[in-house]
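Please look over the chain shown here before reading the notes that accompany it.

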Amino acid sequence: MNGVGAVRPASRVDEIRAAAMDLFTRQGYQATTMADIGAAVGMRAPSLYKHVASKQHLLAQIMLRTMEDLRSAHQVAVTGTDDPAERLRRAAEAHVRYHARHRLEAFVGNREIRSLEEPSLSQVLARRAEYTQGFRTLVDAGVEAGVFQVQSRRLSTYAILDLGMGVATWYREDGSLTEDQVVWQYGDFALRLVGVHR
């Protein structure tokens, strides 16, 4: 029996999801079989179905969880200040930090969106649209307050979102820059994209 404060071990479903995400990253969704996933967690493929409905269900859960985590981090980041520039900086930093820490999720989410089937595809796209709108709302607020100067609010929003996705492709924990250094500098980049220099 676990004592008070003991770390709860990862569930079997979490282990299966992590193995699937690793395989989807390395081999691609289409090339990965349930047998591959089972072998990665030491289970026969038929036994996987006691824990997960299908390979498609695994992909959908990875993408939906990623979007929920991003949306939650965004809400926390923008709470506690009304300053448009500070809110955008915090949101951009949370976005970049998530992508630095969750590179596999970002890779699978971007590359394998084409492999999602309905209704999961519509659910993920709706959450992506809501997340994007969160940044667009921040940009709009800064422009309306006279703090941001942009030629295109939409393009500025997309450029800020691209900052995080780019980090996911190159950042490594053992690289020359720490996570905090990357996050801080990218926060500056986000502000410069909307015409703020601090």
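The briefing below moves from the whole chain to individual residues and ring contacts.

The structure is a predicted model, and its chain holds nine helices and zero strands. Buried residues account for 42% of the 198 residues in the chain, and the C-alpha atoms occupy a box of roughly 60 × 40 × 30 Å along the principal axes.

**Chain as a whole**

- Read from the N terminus, the order of elements is α-α-α-α-α-α-α-α-α, in keeping with a count of nine helices and zero strands.
- Of the contacts in the chain with a separation of 6 or more, 69% are made by residues 24 or more positions apart.
- The chain exposes about 10900 Å², of which carbon and sulfur atoms supply 51%.

**Aromatic pairs**

- Searching the whole structure gives four aromatic pairs, and one of them is formed by Tyr 186 and Phe 189, whose rings are tilted, with 5.1 Å from centre to centre and 55° between the planes.
- The pair counts as tilted because its angle of 55° falls between the limits of 30 degrees for stacked and 60 for edge-to-face.
- Tyr 186 and Phe 189 are three residues apart in helix H9 (residues 179-193), which means that about one helical turn separates them.
- Tyr 186 is buried, at a relative accessible area of 15%, whereas Phe 189 is partly exposed, at 33% relative accessibility.

**Charges over rings**

- Lys 55 places its charged end over the ring of Tyr 29, at 4.2 Å from the ring centre.
- Arg 89 lies over the face of Trp 184, with a distance of 3.9 Å from the ring centre.

- Thr 32 belongs to the loop that runs between helix H1 (12-27) and helix H2 (34-40), and, although it is a loop residue, its relative accessibility of 1% places it among the buried residues.
- Leaving out residues up to four places away in sequence, Thr 32 touches Leu 23, Phe 24, Gln 27, Ile 37 and Lys 55; Lys 55 is also the residue whose charged end sits over the ring of Tyr 29.

**Val 108 in helix H6**

- Val 108 is located in helix H6 and is buried, with a relative accessible area of 0%.
- When neighbours within four places in sequence are set aside, Val 108 is in contact with Met 21, Phe 24, Thr 25, Leu 59, Ile 62, Met 63 and Ile 113; Phe 24 is also touched by Thr 32.

- Asp 83 is found in the loop between helix H4 (55-78) and helix H5 (84-101), where it is partly exposed, at a relative accessible area of 31%.
- Asp 83 and Leu 58 are 25 residues apart in sequence, and their C-alpha atoms are 40 Å apart in space.
- Pro 119 sits in the loop between helix H6 (103-111) and helix H7 (120-144), and the peptide bond that joins Glu 118 to Pro 119 is cis, with omega at about 10°.
- As background to that bond, most peptide bonds are trans.

Methods
Residues numbered from 1 in each chain as written. Predicted model: local features only at pLDDT ≥ 70, side-chain atom pairs only at ≥ 80, totals over all residues. Heavy atoms only, no water. Phe/Tyr/Trp six-rings, centres within 6.5 Å; stacked < 30°, edge-to-face > 60°. Helix = DSSP H or I, 4+ residues; strand = E, 2+ residues; numbered from the N terminus. Buried < 20%, exposed > 50% of the residue type's maximum accessible area, 1.4 Å probe, protein only. Lys NZ or Arg CZ within 6 Å of the ring centre and 35° of its normal. Contact = heavy atoms within 4.5 Å. Areas by Shrake-Rupley, 256 points an atom, 1.4 Å probe, with all protein chains shown as cover.
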